[in-house]
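Trainee: Could you walk me through this one? I have not looked at it before.
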Amino acid sequence: MSMAYGFSEYGGPETQQFFDVPVPSPGPGQLLVAVHAAGVNPADWKVRAGTRKDTVPVTLPAVLGREVAGVVAETGPRVTGFAVGDPVFGATATGFGGYTEYTLVNTASTAHKPDSVSFTDAATLPVAAGTAYDALATLDLAPGSRLLVVGAGGGVGVAALQLAAARDVSVIGVASESKREVVESLGASWVASGERLAARVPGPVDAIFDLVGGDALAEAARVVADPAAIISTGDPLAARDLGGSGVERRRTSAVFAELAALVADGTLDPRVAHRFPFAHAGDALAMVESGHTSGKVVIEFG
């Protein structure tokens, strides 16, 4: 059996608990991974709350989490390129979570972990950094362009600031006062979040990467030169109404390997702000659900 942390029914934190699940057997093209670290993301509590029912179907009780790093414990049929004992990281297979001692990943969404990248850092890449990477690839901004990141202090935002800077894009990060130091430390110009945002953004921008939605997105849209250059994870439907789009995620081994290489060469710092032992998985998710943390939160095993 594998110890797991998840939820027994849709609802609030009171539905969360530890429980035992059978150690799964990998199917064709899958790996069984002994988890060393699991990333914690806002999507985790949103799935538990039931707001993602249409896009993330679960079988209750469900294990939380979607990104892990660990060591291959078993390979499924027709697996090539991976062997037992390999350090890897990736997105969990459909129907499997990350807050558990053993989980399944598909080889198509898994990459080898470089020796110079820690399990903790690697576990942050498939969801947050991967989302930022895919958004910037879609925008494909030329060097010297101006990008406005709304919600720049969280895990996705922190990655976006760095990945944009690596493309020689000038970045303006919208975040609360408490996250100003993080935004500015990554080379971006800081703008305070809150009402009448458009009035505080210096001049027009070439693109918007929105992680908040709502009024913040509507305000930000007023300062972009071309509405088609709006991408949002905060409210993809609203972005489409404005002329933009959501983020089309790839979740491929190639993308994950590129992100790991950027961490290895110092271009990307996952900025892990808080680490929690597995026994305190609930506290880790509560911190993310509060919305006040900057950078990434990771659960560590062992």
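**Helix contact and salt bridges**

Trainee: Which residues of H3 meet which residues of H8?
Mentor: Keeping in mind that this is a predicted model, Leu-125, Pro-126, Ala-129, Gly-130, Tyr-133 and Asp-134 in H3 meet Val-255, Phe-256, Glu-258, Leu-259, Ala-260, Leu-262 and Val-263 in H8. Those contact residues divide into 10 nonpolar, one polar and two charged.

Trainee: And at what angle do H3 and H8 pack?
Mentor: Helix H3, residues 125-139, and helix H8, residues 253-264, pack at about 95 degrees with their axes 10 Å apart, and the two are therefore roughly perpendicular to each other.

Trainee: Switching topic, how many salt bridges does a search of the whole structure find?
Mentor: The search finds eight salt bridges. One of them pairs Arg-249 with Asp-134, with the closest N and O atoms 2.9 Å apart. Arg-249 lies in the loop between helix H7 and H8 while Asp-134 lies in helix H3, so this pair ties together parts that are 115 residues apart in sequence.

Trainee: Are Arg-249 and Asp-134 buried or exposed?
Mentor: Both Arg-249 and Asp-134 are buried. Asp-134 also meets Arg-250 in a salt bridge, at 2.9 Å from N to O, and Arg-250 is partly exposed, with a relative accessible area of 41%. Through shared partners, salt bridges join Asp-134, Arg-249 and Arg-250 into one network.

Trainee: What about Arg-48, which residue does it form a salt bridge with?
Mentor: Its partner is Glu-289, with the closest N and O atoms 2.9 Å apart. Arg-48 is in helix H1 and Glu-289 in helix H9, so the pair ties together parts that are 241 residues apart in sequence. Arg-48 is buried, with a relative accessible area of 1%, whereas Glu-289 is partly exposed, at 26%.

Technical notes: Residues numbered from 1 in each chain as written. Predicted model: local features only at pLDDT ≥ 70, side-chain atom pairs only at ≥ 80, totals over all residues. Heavy atoms only, no water. Axes fitted to C-alpha atoms, helices over the stretch in contact; angles between N-to-C directions. Helix = DSSP H or I, 4+ residues; strand = E, 2+ residues; numbered from the N terminus. Parallel < 35°, antiparallel > 145°, perpendicular 65-115°, else oblique. Contact = heavy atoms within 4.5 Å. Nonpolar A, V, L, I, M, F, W, Y, C, P; charged D, E, K, R; others polar. Salt bridge = Lys/Arg side-chain N within 4 Å of Asp/Glu carboxyl O. Buried < 20%, exposed > 50% of the residue type's maximum accessible area, 1.4 Å probe, protein only.
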